[in-house]
Amino acid sequence: MAKNKKAAVMTQTTWKNALKRDWQLYLLLLFPLAMVAVFNYAAYPGLRMVFMDYNPVKGYSGSPWVGMGTFRKIFQDADFINALKSSIAFNLMDLLVGFPMPIILALILNELRYAGFKKVTQTILYLPHFLSWAIIGSVAYTMFRPTTGLVNMFLMNLGVIQDGIPFLTEKWHWAATYLLIGVWQGMGWGTIIYLAAITGINGELYEAAMIDGANRWKRMWHITLPGIKGTVVTLLIMNLGRVMGSNLERLSVFANTQVRDFQYQLAVYIYNKGLQSGKYSMATAVNLFQSLVGVALVLLSDKIAKMLGEEGLL
Amino acid sequence: MAKKKEQVVKNADTGSGGSRAINKFRISDAVMMLIIILLCATCILPFIHVAVKSVSGNSYVLAKQIYFLPKGINFDAYASIFRDGSLVYAMVYSVVVTLIFTVLGMLACTCAAYPLSKKRLKGKTGITFLLMLPMYFTAGIIPTFVLFYDLKLYDTMWVLIWPLIYSPYNMLIMKTFFQSNVPDSLEESAFLDGASNIQILCKIVLPLSKPILATLSLFYAVGRWNAYADNMYYIKTDRLKMAQYKLFQMVSSASESQSVTLSEAAAVTSTPEVLQAAFIMFVTLPIICIYPFLQKYFVKGAMVGAVKG
């Protein structure tokens, strides 16, 4: 009894008691903490190379300091400006085309009648999410090569076109193909979150609406969509944070010299300048710029979401 | 009396069935099914085409006659892949790396998620911050590269394993599951019986969390199996590269010249296209084979993750 009272009064446990009671828990935590310390945090001091002209032979201690020189250099670098423009343009397009697709698909899946049909098709639609970009890229080439690709072969045999469409070898065609493949890869998996949110909507709302004579589209518009609004906003925030990011695996698998203008995005720039051409400081500065803008974007869109009365992310 | 009740229930059943019948199949239903079927076709047909191509005769492929039915079936392309051996080696190597990675990953994930799922843990906020920050902010490729070089991890198998075994995202999913699916009262009573924290974890929490353990193991395994950017950054030796990276190398060299790089010893008799198709199938099949069985676990995990993403 006395003990209970004491516990109630003392809301804050002392470290001594906490360690005595939970030392095993802290012991367990040592493993993941050691992992992030060694493989993540230990790399942070290396970021000082953005203020240096880093030379791997001389190391951090031997390389000269250049202050903001690296940043001045990258903003004068035409390759960087180009990569930045392409990255932002392609990511915004990805967002514009790719973001609504899972929502639309989830609405359709939700309306499907036959449970078996729904289950099988969902399984099939999730599949691309589990394939690596190497597989998707190689299959895409099999589909879209100018003369021997399945799509061009089919169209030419039909006589619809004379010459193959350069889906992956002319930059504007490439842009469309690249974006659509991205949408295709993510659309099925993206529905899961929305379908889960739809399950959470109170079924009585639908019944009441049906009694009031609301048809399918009205129910979709006035009940389902408002019901998943919170989820949509949360995911939009997460995706806005990625507007600066780019995926090297996806970009490099679709690389070829004809489309370099569009394909040379930030991830490619960092890999190319850094690990391939040895301009370590420049690549790191771009990488840092990219992640800082990314973090800022997430924080900003989270604030905006909260201002609009949504739950936000953080 | 009981019979009458049954009758009523039955009536109610047919009643609801009746209302479903009134709500009849409309054109919009057909349109929606058609859209879904078309989208599914885009997910399946390309792979059928590649599979068919990989077992078709060279002359038919060159004559562009292969769509979705094989002609002149033979397995020469697969035979030359096996003769060459390097891809088979890469597959075995990838399986080994993936297995080690998954085991260590689950260990690291559990070690982080279980303590952090306890509300009473002192210093929880600070530790959570330390463990989550790497998800939002990393030092970037070059500082990491220099670090791994200094740690003597560069160009070893372990660089594909250690750096990624702790995943903040998976930890979050596991923590959420522990908090919402393992009743506190069960743990408390075990605690009163004198069980230690680790005993509670091993005897109560983990056995109750089998679904999420399965799901996260799969996330880890598929993640490792499919990723190859780190092969590009940190691996130089050919024998230490994973199968997906080999496929990537083949694609990027073939995208312009359409040639496949297999050693001379393989005595390639297939055309590059057939060989490439076989190559793709070889790397894709493991995923496609296990996928239908594992899919439900993935969905479950994704939903838990969605609740508190």
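Predicted model: local features only at pLDDT ≥ 70, side-chain atom pairs only at ≥ 80, totals over all residues.
Let me start with chain A, which has 17 helices and zero strands. Its C-alpha trace, taken along the principal axes, spans about 90 × 75 × 35 Å. A compact globule of 314 residues would have a radius of gyration near 20 Å, whereas the value for chain A is 26 Å. Of those 314 residues, 37% count as buried, and if we take the contacts in chain A with a separation of 6 or more, 65% of them are between residues 24 or more positions apart.

The domain assignment divides chain A into domain 1, residues 14-50, and domain 2, residues 72-307, and the centres of these two domains, taken over C-alpha atoms, are separated by 35 Å.

Helix H17, residues 280-307, has 28 residues, and from its first C-alpha to its last it reaches 41 Å, which is close to the 40 Å expected at 1.5 Å a residue. Just after H17 of chain A comes A:Gly309, which takes a positive phi of about 85 degrees. The other one is helix H11 of chain A, residues 203-211, and how many of its nine residues are buried? The count is zero, so this helix is hardly covered, given that a residue needs 20 or more other C-beta atoms within 10 Å of its own to be called buried. H11 of chain A is followed by A:Gly213, whose phi is also positive, near 85 degrees.

Let me turn now to chain B, where there are 14 helices and zero strands. Buried residues make up 36% of its 309 residues, and among contacts in chain B with a separation of 6 or more, 70% are between residues 24 or more positions apart.

Here the domain assignment gives domain 1 as residues 26-74 and domain 2 as residues 79-307, with C-alpha centres that lie 31 Å apart. Where these domains of chain B meet, nine residues of domain 1 are in contact with nine residues of domain 2. On the domain 1 side, the elements that give two or more residues are helix H2, residues 27-54, and helix H3, residues 58-62, of chain B. H2 of chain B gives the most to that side, with five residues, and by class the domain 1 side has five nonpolar, three polar and one charged residues.

Two residues in the loops of chain B have a backbone angle that I would like to show you. B:Lys64 has a positive phi of about 55 degrees although it is not a glycine, and its place is in the loop between H3 and helix H4, residues 76-84, of chain B.

In the contact between them, 74 residues of chain B touch 68 residues of chain A. Which element provides the largest share of the chain B side? That is H2 of chain B, with 15 residues, the helix that also gives the most to the side of domain 1 of chain B that touches domain 2. By class, the side of chain B that touches chain A has 52 nonpolar, 16 polar and six charged residues.

Finally, the cores. The largest nonpolar core has 121 residues, and those with the most contacts inside it are A:Val286, B:Ala112, B:Met174, B:Leu247, B:Ala278, B:Phe279 and B:Ile280. To take one of these, B:Met174 is in contact with B:Cys109, B:Thr110, B:Ala113, B:Ile212 and B:Leu216, leaving aside its neighbours within four places in sequence.

Key. Residues numbered from 1 in each chain as written. Chains lettered and ligands numbered in written order. Domains from an automatic or database assignment. Contact = placed C-beta atoms within 7 Å. Helix = DSSP H or I, 4+ residues; strand = E, 2+ residues; numbered from the N terminus. Nonpolar A, V, L, I, M, F, W, Y, C, P; charged D, E, K, R; others polar. Expected span 1.5 Å × (residues − 1). Core = buried A, V, L, I, M, F, W, Y, C linked by C-beta atoms within 7 Å. Buried ≥ 20, exposed ≤ 12 C-beta atoms within 10 Å, placed from the backbone. Rg over C-alpha atoms; globule rule 2.2 N^0.38 Å.
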